[in-house]
Amino acid sequence: MTETMNQTQELYRRVFGTANEATVLVDGTSRAGIEAALVSLLAPGDSVLVPVFGRFGHLLAEIAGRAGATVHTIETEWGQVFPASVIEDAIIRVRPKLLAVVQGDTSTTMNQPLDELGAICERHGVLFYTDVTASVGGNPLEVDAWGIDAVSAGLQKCLGGPSGSAPLSLSPRAVAVLDGRRSVEAGIREPGDEVSDHPIQSNYLDLAMIIDYWGAPAPQPPHRSGLDALRGERVRPDPARGRPRRRGRTARPRRPRDARGCPRPRSHGVRGRRPQDAQRRRGGDPRRGPGGTRSAPRCSRTTASRSARRSARCTDGCGASGRWATTHGRTPS
Ligand SMILES: Cc1ncc(COP(=O)(O)O)c(C=O)c1O
């Protein structure tokens with residue numbers, strides 16, 4: 001597990017163009033990554049500046065507001081992006097702790113240039129977060145070279161993966177902000193562990209804990225990594241059939257079995273020909289036997305001929321009889 005996690009971190013460092021140690025997957029869709037970044041970097045009362053040029057700028061403002069931050073927005077007509085100088089003017093006016101900006105806003109398909117914003121933020125002592133959900137993989141992104149402190153994404157757009165896992169990376173400067181609020185949760189806390197009097201407001205999306213989890217030599221709950229979900233999606237070859245077989249969520253369901261592990265009878269799939277249809281025609285409840293009692297569990301495996309099956313009795317002691325009684329490979333006597 002740890003090796004797979006390390007490999008995954010390395011892969012996402014390449015995707016983001018960063019050497020950030022704190023590069024992880026947050027479990028959840030893209031907005032789980034956004035929320036983890038904003039709720040962890042912003043304490044109630046901190047101010048944040050959000051340049052809005054589409055629907056997802058509003059989402060950043062909404063999430064920051066719910067984290068208790070004081071939200072300042074600047075807006076431009078949809079279909080436009082901001083010149084860096086306009087963002088710098090707003091930073092000088094508002095003096096935010098954090099600049100939060102979407103790179104590619106899906107609603108307008110516009111891509112905000114980010115390459116000058118890191119230097120502006122550094123000049124004014126502001127943290128710089130960006131949501132690259134829609135743009136990463138299809139547009140240039142250089143987290144380190146552009147001075148981005150926090151970045152989060154999703155897999156479902158240009159990366160062409162399943163949604164449900166949000167890659168995220170934090171610069172050492174952003175990690176230092178988390179360190180000030182680090183609080184080990186009760187129940188796993190040991191003597192000497194940190195307890196903050198202003199902890200990150202979300203437990204599940206507490207990036208300090210998530211980063212600890214990813215950096216631990218043998219990761220333990222509370223966090224399950226999104227790798228479990230990715231594993232479930234993996235396609236691996238089925239040697240028996242010589243073609244790929246989907247595993248996990250998309251695996252073909254096994255045919256239901258009876259108490260002794262025999263496959264339950266298949267329905268014929270054609271209305272009118274299925275055993276329950278015959279029962280219905282006789283005026284009975286298809287789930288009940290002819291006498292109104294629930295029928296004995298049926299077995300389906302038999303080598304008996306059609307006529308022999310009618311009088312067959314399960315010879316292995318399950319009590320099933322009639323057409324579906326199993327002979328478990330033996331011809332009924
Ligand atoms: C730019 C951007 N940010 C955030 C999101 C939110 O993603 P999700 O609904 O997967 O949480 C989307 C979704 O399309 C998006 O395009």
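## Reading a helix, a strand and a loop

Modeller: Let's start with helix α2, whose buried residues are S30, A32, G33, I34, E35, A36, A37, L38, V39, S40 and L41. Keep in mind that this is a predicted model.

Colleague: Happy to. Why is α2 described as largely enclosed?

Modeller: A residue is called buried if 20 or more other C-beta atoms lie within 10 Å of its own. In α2, 11 of the 12 residues pass that test, so the helix is largely enclosed by the rest of the structure.

Colleague: How does the length of α2 compare with the expected 16 Å?

Modeller: From its first C-alpha to its last, α2 reaches 17 Å, close to the 16 Å expected at 1.5 Å a residue.

Colleague: At what angle do α2 and α7 pack?

Modeller: An α-helix has 3.6 residues a turn, so residues three or four places apart point the same way. In this model, A36, A37 and S40 of α2 meet L207, A208 and I210 of α7. By class, that contact has 5 nonpolar residues, 1 polar and no charged ones. The two helices pack at about 115 degrees, with their axes 9 Å apart.

Colleague: Which residues come nearest to the ligand?

Modeller: T29, S30, R31, T106 and T133 do, out of 13 residues around the ligand. Helices α2 and α3 each supply at least two residues of that shell. Its residues divide into 4 nonpolar, 6 polar and 3 charged.

Colleague: Now a strand. Are the faces of β9 covered or open?

Modeller: In a regular strand the side chains alternate between the two faces of the sheet. For β9, S165, P167 and S169 lie on one side and A166, L168 and L170 on the other, and all are buried.

Colleague: Which strands are joined to β9?

Modeller: Strand β1 (residues 22-27) runs antiparallel to β9 and is joined to it by 6 bridges; T23 has S169 as its bridge partner. Strand β8 (residues 150-152) is also antiparallel to β9, with 3 bridges, and A150 stands opposite L170.

Colleague: Last one, a loop residue. Is V195 buried or exposed?

Modeller: V195 has 11, so V195 is exposed. This residue is found in the loop between α6 and α7. Setting aside residues up to four places away in sequence, V195 touches S183 and V184. Its C-alpha atom is separated by 8.0 Å from that of E185, 10 residues apart along the chain.

Notes:
Residues are numbered from 1 along each chain as its sequence is written. This is a predicted model: local features need pLDDT of at least 70, side-chain atom pairs count only at pLDDT 80 or more; totals for chains, interfaces and linings use all residues. Helices (H or I, at least four residues) and strands (E, at least two) are DSSP runs, numbered from the N terminus. Two strands pair if DSSP finds at least two bridges between them. Axes are lines fitted to C-alpha atoms, for helices over the stretch in contact, and angles run from 0 to 180 degrees between N-to-C directions. Two residues are in contact if their C-beta atoms, placed from the backbone, lie within 7 Å. Ala, Val, Leu, Ile, Met, Phe, Trp, Tyr, Cys and Pro count as nonpolar, Asp, Glu, Lys and Arg as charged, and the others, Gly among them, as polar. A residue is near a molecule or strand if its C-beta atom, placed from the backbone, lies within 6 Å of it. The expected span of a helix is 1.5 Å times one less than its number of residues.
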